[in-house]
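Good morning, colleagues. Please turn to the sequence and the structure on the screen.

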Amino acid sequence: MWTVVDSPIGPLRLVATDSGLTAIEFSPFGGRDPGDRHDEHPVLTKAAAQLAEYFAGDRTEFDLPLAPAGTAFQQRVWAELRRVGYGRTASYGEIAHRLGLTNAASRAVGLANGRNPLPIVVPCHRVIGADGSLTGYAGGIQRKRALLDLENPGLV
């Protein structure tokens, strides 16, 4: 099931099951079939409300039931991304070290980061290059910069 919400970075499609939010998709939306539209489903209305609070500057952490599909390694990376605080950034290498891995795992961390189905809520936009540069983002670098500027203007 799904709904679409407006945001300062464009429309977002929220996808969920009864157990939790499974995806946040940037417009233009992909070709996969997310099922029926259910604008009033409790998981989707809670996610929409918390995203609106985030974009208004009134929320720094999300409290949502999450149900992203991914490998065990991806789940570990995504859990670590949730520990990167609002208005802060971390490099791929830092995330690897937090997981008890070496810098050699930075690429694997980057790949897992890129497969994150829950951008914003699982803040993959907070991951930057070791030199402080903005690196790839599924929603595009302009959206990544906008999210970082929302959280901490001038940070990057």
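I shall describe the overall fold, the surface and then the aromatic residues.

This is a predicted model, in which local features need pLDDT of at least 70 and side-chain atom pairs count only at pLDDT 80 or more, while totals for chains, interfaces and linings use all residues. Residues are numbered from 1 along each chain as its sequence is written, and side-chain values use heavy atoms, with hydrogens and water left out.

The protein has five helices and five strands; helices are DSSP runs of H or I with at least four residues, and strands are runs of E with at least two. Their order from the N terminus is β-β-β-α-α-β-α-α-β-α. The radius of gyration is 15 Å, close to the 15 Å that the globule rule gives for 156 residues, so the protein is as compact as a globular protein of that length. Here the radius is taken over C-alpha atoms, and the rule is 2.2 Å times the number of residues to the power 0.38. The C-alpha trace spans about 45 × 35 × 25 Å along its principal axes.

Of the 156 residues, 47% count as buried, that is, under 20% relative accessible area with a 1.4 Å probe, protein chains only.

What is the arrangement of Tyr 54 and Phe 55? The two form an edge-to-face pair, 5.2 Å centre to centre with 75° between the planes; rings of Phe, Tyr and Trp (its six-membered ring) pair if their centres lie within 6.5 Å, and planes over 60 degrees apart count as edge-to-face. Both Tyr 54 and Phe 55 are buried.

Terms used
Buried < 20%, exposed > 50% of the residue type's maximum accessible area, 1.4 Å probe, protein only. Phe/Tyr/Trp six-rings, centres within 6.5 Å; stacked < 30°, edge-to-face > 60°.
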